[in-house]
Amino acid sequence: MANVGGSGVAVPVVPDLDDHSVRDDELVWHLIDPQYYRDDPLNSGKKVIDSGTVSHGKSGISFLRPDSSVITVSNIQKNFPGFGIAQLKVEDIRKKAGCLFAIENDPLFSWPKDSHVCAYKAPKKSRLKGWQKDELIRLLESNLILLPT
Amino acid sequence: MRTGEDRSAYVPSSWREHAESQIAKASVLPPAKTSWSPSPPSQRTVARAYALVKAIGQNDLFVPITSASPDGVLCLEWRQPDRKLVFSIFEDGVVEYYLSVPCVEGELPDGLEKANEVVEMFLHRR
């Protein structure tokens, strides 16, 4: 289906693939496997997060929607020992990193319904570009609420 | 005479040997147990990563960070305080590059020789 713009040129209608039930004012968690957390190669004394954690082919970048009962810091520590948690605003992921969200099942863990969401490149749900991954890494590195160990 | 300064990262070719050993390690990763953990890249991805390392002619690079994504994308990453260079190697054999300053990115043609131009830009030679 295409709309016809004022110039008479057909403007393709892009379907909105972003799931807006994942609200902009929500916070989501990205777990940081300690394998992605390493000493800064520039010897700054800081730790850095590898690009691998936000790189993807067909599957999206996994995030969790924390709640007060199951997706809690203590349960993450119990089920994912050594993993860190970066807590990001959905709005930042959408607006700064240009992502959309899709609610998907996690093939490797059984989370409460609608709790596991994946980020993709907006608007076509494709794989992220380099600048988007770079922005996500910046957001992750500056929003760690639990350090990987 | 020892100066106390670690120059090992700047020894010619050492980055290449380091990268190849990291690619080899990634190729034998166990399957990921979580959606946030690295997965072993496919044989095709690994072969393309070796080809990329071979295609980069510069010997004076420092060692890269090498990581595999949760779905097996292999990343080679160089960081400087003000810029970053990342090559991402996908399961379909595509190699993408991203240079943060100046912000350029794209897909490397099959021969991978263009990687040298990107590395030269990263090293501020162009």
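A salt bridge is here a side-chain nitrogen of Lys or Arg lying within 4 Å of a carboxyl oxygen of Asp or Glu, and by that rule four salt bridges are found across the interface of chain B and chain A. One of these joins A:Asp134 to B:Lys84, with the closest N and O atoms 2.9 Å apart. The model is a predicted one, in which local features need pLDDT of at least 70 and side-chain atom pairs count only at pLDDT 80 or more, while totals for chains, interfaces and linings use all residues. Residues are numbered from 1 along each chain as its sequence is written, chains are lettered from A and ligands numbered from 1 in the order in which they are written, and side-chain values use heavy atoms, with hydrogens and water left out.

The interface can be described further by its polar pairs and by its area. A polar contact is a pair of N or O atoms within 3.5 Å, where within protein one atom must be able to donate a hydrogen and the other to accept it, and where residues adjacent in sequence count only if both atoms are side-chain atoms; 19 residue pairs across the interface of chain B and chain A, both residues at pLDDT 80 or more, are in polar contact. On the side of chain B that touches chain A, at least two residues come from each of β1 (65–68), β2 (74–80), β3 (83–89) and β4 (95–99) of chain B, the helices (H or I, at least four residues) and strands (E, at least two) being DSSP runs numbered from the N terminus. By class, this side of chain B has 15 nonpolar, nine polar and eight charged residues, where Ala, Val, Leu, Ile, Met, Phe, Trp, Tyr, Cys and Pro count as nonpolar, Asp, Glu, Lys and Arg as charged, and the others, Gly among them, as polar.

With contact meaning heavy atoms within 4.5 Å, the interface takes 32 residues from chain B and 37 residues from chain A. The area buried between the two chains is about 2,600 Å², of which carbon and sulfur atoms give 52%; buried area is the accessible area (1.4 Å probe) that two parts lose on being put together, summed over both. Of the area that chain B buries against chain A, 30% is supplied by B:Trp36, B:Ile65 and B:Arg79, more than by any other three residues.

Within chain B, helix α1 (residues 14–27) has 14 residues and reaches 20 Å from its first C-alpha to its last, close to the 20 Å expected at 1.5 Å a residue, the expected span being 1.5 Å times one less than the number of residues. Its buried residues (under 20% relative accessible area, against over 50% for exposed and in between for partly exposed, with a 1.4 Å probe and protein chains only) are B:Ser14, B:Trp15, B:Arg16, B:Ala19, B:Gln22, B:Ile23 and B:Ala26. These buried residues of α1 pack against α2 (43–55), β1 and β2 of chain B.

Several loops of chain B also deserve a look. B:Gln58, in the loop between α2 and β1 of chain B, is buried because its relative accessible area is 8%, and its side chain is joined to that of B:Glu120 by a polar contact of 2.7 Å. B:Leu112, in the loop between β5 and α3 (114–122) of chain B, has a positive phi of about 70° although it is not a glycine, and it counts as buried because its relative accessibility is 2%.

Chain A has three helices and 10 strands, and buried residues make up 44% of its 149 residues. A cis peptide bond, with omega near 0°, runs from A:Ala122 to A:Pro123, and A:Pro123 lies in the loop between β9 (116–121) and α3 (130–141) of chain A. A:Asn43, in the loop between β4 (37–39) and β5 (47–49) of chain A, has a positive phi near 55° and counts as exposed because its relative accessibility is 71%. A:Asp114, in the loop between β8 (99–103) and β9 of chain A, is partly exposed, with a relative accessible area of 37%, and touches A:Arg65 and A:Ile103, not counting residues up to four places away in sequence.
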